[in-house]
Amino acid sequence: MTPELFRRSRVLFDEAVELPRAERDAYLRRACGGDDELREEVDALLSESDSEPLESGIHEAMRSLDALPEGTRVGPYELVAEIGRGGMGTVYLARRADGAFQRDVALKLVGTGLDSDAFLERFRRERQILASLAHPNIAALLDGGTTERGLPYLVMEFVDGRRIDVYCREELLPLRERLRLFVAVCSAVQHSHRNLVIHRDLKPSNVLVTGDGTAKLLDFGLARLLGPEAGAERTATELHALTPAFASPEQIRGNAVTTATDVYSLGALLYVLLTDRPPHRTPESGDVSAILNAVLNEEPERPSSAASGARVPPDLEAIVLRALRKEPDARYGSVDQLARDVERFLAGRPVEARRGGAAYRARKFARRHWTGLAAAALVVASLVAGLLAANVQRRKAERRFEDVRRLANSYLLEFYDAIRDLPGSTAARELVVKRGLEYLDRLSKEASGDDALTRELAEAYQRVGDVQGNPFQPNLGDLRGAIASYRKALSLLEPLVSSPRATDADRALFAKASLVGGGILATTGGGDEALAMQNRGVALRQALADAAPSDRSRRADLAQGLGMLGFDLLSMGKPREALDPLGRQEAILRELLEEGSEDADLRRSLGRTLMVEGEAHQALGEADRARPAFEEALTIQRMLVKERPLSPLLKQDLAYTLGEYGTWLADSGQASAALAVFEERLALNRGLAAADPRNAAATLAVAFSLHSAGDQLAALHRPAEALARYGEAARLYDRVVSGDPSNSWAALHRAWLDIAEGRARSAAGERGRACELFRRSAAALEDLERKGQLPPIKRSYLDEARRELASCGAAG
Amino acid sequence: MGSDKRGELDDSGEVTALLRAWSRGDAGAPDRLLPLVYAHLRRLAALQMRRERANHTLQPTALVHEAYLKLVDQHLSWKDRGHFYGVAARAMRQVLVDHARRRHAVKRSSGAQYVAIEVADVGVQPRTIDLLALDRSLEDLAALDQRQARLVELRLFAGLTVQESAEVVGCSSATASRDYRHAEAWLRRQMRGARA
């Protein structure tokens with residue numbers, strides 16, 4: 001710019017800016033007198049004069065100064081570089097500073113002002129929940145703690161990827177692939193909803209896509225972690241943290257946030273993936289109140305007219321708009337339903353979004369009555385009864401019949417989840433299951449010939465079966481009922497799977513039902529039939545994997561099926577036969593790990609496989625094979641625990657393997673090696689019990705560990721230390737028994753511990769005290785026997801107590 | 001804490017002496033002052049961070065003022081104080097620009113796209129400004145109008161009010177206020193042009 005133009009435009013700017021807007025044009029026309037360059041310059045300056053002051057930008061820039069320098073230690077981590085920041089804190093690329101492992105992690109240092117005691121308490125509690133959200137499309141929360149100065153931090157899996165919208169744009173991803181990515185995101189959100197975690201902050205920048213095309217959700221539940229407690233006032237921090245274009249109307253209003261909130265934000269995300277722009281545009285000025293108003297009051301532009309390039313099919317448009325409804329009740333009832341509708345579109349079937357509102361009305365009814373979780377049992381009863389009545393009336397009205405069917409599928413699960421953790425809710429849960437089954441049984445009679453209904457019923461039966469007695473999740477312990485439900489699922493699917501209409505999804509569903517159903521059957525002694533079911537499941541998964549060799553998830557499923565079969569063979573006392581599927585599982589897992597991306601789930605599976613193989617070799621007396629299997633399993637599991645110290649599951653895995661390995665070492669006479677292993681298990685179990693102090697099983701695990709460690713100390717002729725372990729174990733057993741006198745398992749082990757302590761006292765020369773213990777143990781075991789609480793396999797305890805007591809009599 | 005304080009006090013005699021030398025006509029004084037104040041401001045910013053206070057947002061005003069209280073003998077003349085703020089504003093600008101430059105470099109080299117918590121999202125304009133562009137535009141402005149550039153520096157980076165900055169520069173508040181209004185519009189336009 002020439003000094004001349006600068007000077008002249010400045011003079012005119014000073015004059016014009018003082019004038020009312022309406023008069024500026026006339027003034028400038030006169031003053032510039034046809035000098036276009038001058039006029040243009042003054043207009044440009046005037047248009048800038050209303051923008052936000054530069055000062056506020058500087059204040060933002062100042063905030064970035066408070067970054068911690070590289071190399072700073074935070075807990076056991078060392079910061080490598082700052083990679084992002086926002087209202088809630090700063091994210092760093094970080095690495096373990098103690099060299100425990102060389103993996104990059106993302107460390108989020110939560111902003112200041114959030115370090116009150118109440119917050120930190122909540123932080124610890126919630127962190128535990130978030131750490132258990134294991135899903136391939138969720139960036140795992142690995143660790144967390146507080147800095148020396150008490151500032152909380154979180155450690156997450158580091159995802160090297162691009163934002164989902166950027167990825168779709170840059171890769172020119174075709175529609176179908178965009179939708180598949182979206183469905184993967186939905187499955188992650190659905191998974192978290194089942195764990196009662198709402199994301200609350202879904203937006204493109206929270207979904208990254210890695211180089212191999214995997215979508216990963218970040219910051220799961222962080223909004224909840226950092227948001228206020230239910231009912232509390234919203235803080236400025238939370239408002240600041242919202243991204244207006246993706247926040248739901250209820251969030252902006254400050255109303256209750258539910259799973260429907262995530263449905264809305266997913267709708268907004270889908271909108272972006274279809275049109276490359278958000279549903280509500282912010283004006284150029286960046287005026288946030290305008291966009292808030294739009295989210296609350298304006299309908300988004302129809303995606304078909306908003307999309308710049310590709311055409312948006314009407315069915316997809318209906319799906320997006322359904323998810324984006326202002327009223328939470330008017331949206332899809334669950335993320336699962338949204339995802340299924342997208343899948344229906346992908347499969348070329350009619351979508352639910354374009355159907356009428358009977359389900360909507362029924363949902364509204366349910367929600368109106370869903371006043372509190374405590375009342376859930378009543379709601380379930382009335383809802384299900386209502387559905388049954390409704391179904392009788394509507395039997396012939398096909399369309400409504402479909403709505404009802406949909407309700408059954410999602411509600412069964414939602415209610416179950418909602419009341420699962422309420423104390424004393426067993427009766428309510430049983431009622432849910434009972435009514436749900438009655439309902440499904442009626443529908444099944446009408447299902448013949450309707451493939452879609454058959455599929456959904458089979459899936460619903462599986463879900464009911466899981467709730468009844470899937471040993472791999474919290475359940476009602478009704479194994480017989482679970483098996484019956486699984487059989488129903490299988491017999492519904494059988495004709496479909498053997499027909500030419502069968503899809504891969506049908507075969508996968510059948511395989512899963514065969515494997516899980518067979519697994520449950522195996523635990524109740526249904527040996528040969530259980531194995532036949534599992535073999536069939538494995539064969540189906542093998543065929544699915546062979547049909548698509550590049551599909552990693554199918555091979556992972558096959559590996560999982562082989563593992564279930566191997567485990568059941570082993571527990572049926574067939575270690576030789578078990579080794580074949582286990583070996584195949586191991587090979588597949590190793591292949592998958594070698595091929596590709598770092599995957600904690602695969603490593604966890606491999607650890608478990610090796611552990612089961614170790615047990616099988618041990619059962620066959622093949623020590624030279626058992627040892628390396630156990631040791632590799634331990635290496636993997638120790639590493640995983642180190643990487644994710646918050647995950648109780650990984651610690652439980654490791655504790656289990658240590659127990660098996662230690663027992664084997666002890667049995668083969670290697671007491672000092674066994675002692676080291678048991679001491680490690682003890683430390684782990686202490687940590688688990690400390691995190692969950694009311695969990696009696698966790699307390700018992702500590703007592704068992706103390707007991708085993710004490711036995712080895714006794715064998716090594718270190719009686720004083722052995723007695724210290726036994727003493728602590730005794731106190732823990734007593735605590736559990738006094739809290740729950742009906743816990744015969746604890747009482748049984750308490751009696752067994754008395755024998756061990758008696759022997760140690762005897763070895764230390766305290767014969768009198770030893771005999772007292774033997775006497776007490778025998779009396780307790782006899783009492784248990786009288787009550788029918790002494791399992792046959794533990795009969796030997798009583799025999800030993802009597803034998804020890806007899807020697808007392810002889811001596812005394 | 002005690003040792004920190006002593007470290008800061010060590011500089012203070014030197015800063016005051018340099019400011020006085022400047023008033024006496026020592027032309028080399030400003031060049032020796034700048035690195036001293038720069039280092040001090042950086043230390044203050046880091047210290048501020050470590051205090052982790054609830055009302056945490058750092059403000060240039062607060063930082064520069066704190067530096068003033070710690071570095072400068074309170075009996076300085078009005079003119080010396082003006083010199084100090086001039087240097088402090090320049091140092092603060094340098095601190096921010098250097099920081100922005102480093103962050104830029106890190107982002108480029110790590111290749112990571114982890115910008116998850118950036119408040120700026122699709123359709124919402126980022127509130128942070130491009131400091132590097134501002135720095136360049138301010139250079140351009142200084143070439144056209146030295147006084148405007150100094151006023152902007154004092155206001156943005158030392159947090160002085162229009163009145164205060166007018167005193168430091170030596171003009172009336174009305175002039176300073178008009179200068180600043182124009183400078184701000186001009187800079188924004190210049191920065192926009194640099195982005196496009």
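**Entry 1. Overall composition**

What percentage of the 812 residues of chain A count as buried? I find that 45% of the 812 residues do, where buried requires 20 or more other C-beta atoms within 10 Å of a residue's own, exposed 12 or fewer, and partly exposed lies in between, with C-beta atoms placed from the backbone. I note that this is a predicted model, in which local features need pLDDT of at least 70 and side-chain atom pairs count only at pLDDT 80 or more, while totals for chains, interfaces and linings use all residues. Residues are numbered from 1 along each chain as its sequence is written, and chains are lettered from A and ligands numbered from 1 in the order in which they are written.

Among contacts in chain A with a separation of 6 or more, 60% come from residues 24 or more positions apart, a contact being two C-beta atoms, placed from the backbone, within 7 Å.

**Entry 2. Helices H1 and H3**

I looked up helix H1 (residues 3-18) and helix H3 (residues 36-48) of chain A, which pack at an angle of about 50° with their axes 9 Å apart. Axes are lines fitted to C-alpha atoms, for helices over the stretch in contact, and angles run from 0 to 180 degrees between N-to-C directions. H1(A) and H3(A) are therefore oblique to each other; angles under 35 degrees count as roughly parallel, over 145 as roughly antiparallel, 65 to 115 as roughly perpendicular and the rest as oblique. The crossing of H1(A) and H3(A) is right-handed, that is, the near helix is turned clockwise from the far one by less than a right angle, anticlockwise being left-handed. The contact includes A:Leu5, A:Leu12 and A:Phe13 of H1(A) and A:Leu38, A:Val42 and A:Leu45 of H3(A). I list nine nonpolar, one polar and three charged residues in the contact of H1(A) with H3(A); Ala, Val, Leu, Ile, Met, Phe, Trp, Tyr, Cys and Pro count as nonpolar, Asp, Glu, Lys and Arg as charged, and the others, Gly among them, as polar.

**Entry 3. Helices H20 and H22**

The axes of H20 (residues 451-469) and H22 (residues 504-523) of chain A come within 11 Å and cross at roughly 25°. H20(A) and H22(A) are therefore roughly parallel to each other, and their crossing is left-handed. On the H20(A) side I noted A:Arg455 and A:Gln462 among the contact residues, and on the H22(A) side A:Asp506 and A:Leu509 among them.

**Entry 4. Strands**

An open sheet of chain A has three strands in the order E7-E8-E9, with antiparallel pairing; two strands pair if DSSP finds at least two bridges between them. Its edge strands are E7 (161-163) and E9 (215-217) of chain A. Three bridges join E7(A) to E8 (residues 207-210) of chain A, and A:Gly161 stands opposite A:Thr210 in E8(A). Helix H7 (residues 175-194) of chain A packs on this sheet, touching E8 and E9 of chain A.

Elsewhere, E5 (residues 141-146) of chain A pairs with E6(A) in the antiparallel sense over five bridges. Five of the six residues of E6 (residues 152-157) of chain A are buried, so this strand is largely enclosed by the rest of the structure.

Conventions: Helix = DSSP H or I, 4+ residues; strand = E, 2+ residues; numbered from the N terminus.
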